[in-house]
Structures are given as structure tokens and as C-alpha cells.
Amino acid sequence: MNPERIKLRCHAKVNLGLHILGKREDGFHEIRTILQTLGLHDILEIRLTQGRGVSFQCNWDELNRGDNLVVRALEAVCRHAGLERGLEARLEKRIPPGAGLGGGSSNAAAAVLGLDRLLGLRMSRRDWFEIGGALGSDVPFFFVGGRALGVGRGSEVYPLEDAAPGHVLIVVPPRPMPTADAYRKASLRLTTPLNKSKIPLFCPAYLDALESGDGLENHFERVVFREQPDLKRLKQRLLQWGARKAGLTGSGSALIGLFDEKGALTQAHAALRAGNVRLLATRTLTRDQYRHSLVECLQRAIG
């Protein structure tokens, strides 16, 4: 008999603009960002096993620790449901870590959704968001997918109408940018305290401001480009080679170029291939495409 298991795709995300409005009383930063899911994905497989506890394996050795997000997510679901089950999780990483592509958060969200589906728990969307928000600010977005507005510390997510499908070239430099370091350095440049009365409202004009111009308006570029000036030059090269928009995603250190046509992306890929960067070509996913892609297979015992 085949073991009870579920295999999931954990999709990457990019930020189409990110504004840091200030530091909140709880220590987090108040942000506004537009989030978009991509075809690029990791593979997560969860199996039911004998005994208790969670065992975890990953093709990235640095993630083979007991405190990684997948293990924490699975343990959180078990606590929520009052279950003690033996679980085995295997993760195949394809999304580069430390690049601002949300790989760890996507893994955590997939773990929550997958175990809920595998065990037939019928958790509510509110349960997902409460567990996900406690794991990380980006996790709740992956319960939504497609294109969405992220506010607060990023965990408050509002679905937006899907944009026209597009092609994305991701440029990953050899040096990662830890999220905590990026926020700390960005905080040093904030000259005024957060004034809640001045926080822009959820309105079309502000969405346009986030995505204005060629640069996608990411405030982290101020600190990341200062430390890695080659990234600023790479952004300009993406635009020169036909990207409709280009800029940093999340807190970095990956850059993205958005292309309307695959041929233009292919030319840019060839032009940048000689550098010491990793290039990943992918595409955007609508919300429906994302939801239908999440579960690759599901096997349950019969009887």
C-alpha cells in the first residue's frame, strides 16, 4: 500500500514595489507592497509515518535544522488540531534563499495547506492566517496568491485583480542580503517617526505610485545598491535590454526584470549570462493558476 502523502509546489513571489513608511510600536516596519506569485517553485512532500514528531530532509544542507519553517509550520498545525502524528517532510529547494523571493515563507504556507488537506482537518482560512502570521510576515500572502497588496508588516493581504501574464527574469547575485540586516540598515535612513494619520490609504492612486516608472519604487534599493553597486548597474542593463520594469524584489538581493515578450527576456538572458550572477527565467501566475498548481499529487490510504 502506498503511504499517505501529499506533494506540493511552493511558488516564489516578487515585490512589484515596496515602500517603508516607518517603524511601528511593535518593532516591525509599516510597509506597503504589491506581491505577485511566480511559476518558479520548490517541491515539498509530506508523508504520514509511524510514531510521533517531524523528521525533515532538504537538498540544501543549511536548512537541515529542527527550527526551519517547514518543521515549525507542521508542528503548529498539529498543536492547533490537538494531534500527535509522525510526519516526514522532504523539501527540494529551487528558489534561492536570501534573495527576497519568499521561498521560506512559501514552504511554510504549503506545509500548513498540505497537512490540512492530507489529514482532512478542514481548517478555516482564519486558522491558516493566524498560524502563518505567527511564522512570518510573508507567509499569509501564500494563502492568497496571484497579485495582492500587502500592508502593515506585510502580513495583512488584500487580493488585487490579476495583471496580464508576463515573463520575469530573476538576477541573483552571489551575495545574499539577510532580511534583518536590510531592515536594520533601512531603519537608519528613516528620519521621521511613523505617523499613522499620514499612512496612505488603500486606493488606486497609491497602487499606481508603488508601480510607478521603471524602478518599481523599492525603498530597500537605497541601502542595498550602496553596498552592492553592481546591482544598480544590472538594473540599468535589464532596462536597456527591454525590460518594461526592473528593480529589487523584497529586501533583496535579487533583481527582477518584467518582460511583455519571451523573446525580449531571452535576449536579456543571453546578454547577462557572462556575469557572476545566477539567472532564472519564469512567468507570473494568476490567482487561479496558483491555486490549481499547489497540489501536485495526493495519496490516501483506502479504507
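Val 171 sits in strand β7 (residues 167-172), with helices (H or I, at least four residues) and strands (E, at least two) taken as DSSP runs numbered from the N terminus. This is a predicted model, where local features need pLDDT of at least 70, side-chain atom pairs count only at pLDDT 80 or more, and totals for chains, interfaces and linings use all residues. Residues are numbered from 1 along each chain as its sequence is written, and side-chain values use heavy atoms, with hydrogens and water left out.

Q: Is Val 171 buried or exposed?
A: The cut-offs are under 20% relative accessible area for buried, over 50% for exposed and partly exposed in between, using a 1.4 Å probe and protein chains only. Val 171 comes out at 1% relative accessibility, so the label is buried.

Q: Which residues is Val 171 in contact with, leaving aside its neighbours within four places in sequence?
A: Contact here means heavy atoms within 4.5 Å. On that basis, the partners of Val 171 are Leu 234, Leu 238, Ser 253, Ala 254, Leu 255, Leu 272, Val 277, Arg 278 and Leu 279.

Q: How are the axes of α2 and α3 arranged, roughly parallel or roughly antiparallel?
A: Axes are lines fitted to C-alpha atoms, for helices over the stretch in contact, with angles from 0 to 180 degrees between N-to-C directions. Those of α2 (residues 103-119) and α3 come within 10 Å and cross at roughly 150 degrees. Under 35 degrees is roughly parallel, over 145 roughly antiparallel, 65 to 115 roughly perpendicular and the rest oblique. That makes α2, relative to α3, roughly antiparallel.

Q: How many charged residues are in the contact of α2 with α3?
A: The α2 side brings Ala 108, Val 112, Leu 113 and Asp 116, and the α3 side Trp 128, Ile 131 and Leu 135. Ala, Val, Leu, Ile, Met, Phe, Trp, Tyr, Cys and Pro count as nonpolar, Asp, Glu, Lys and Arg as charged, and the others, Gly among them, as polar. The tally is six nonpolar, no polar and, for charged, one.

Q: What kind of aromatic pair do Phe 129 and Phe 143 form?
A: Rings of Phe, Tyr and Trp (its six-membered ring) pair if their centres lie within 6.5 Å; planes under 30 degrees apart are stacked, over 60 edge-to-face and the rest tilted. For Phe 129 and Phe 143, the centres are 5.6 Å apart with 55 degrees between the planes, and the pair is tilted.
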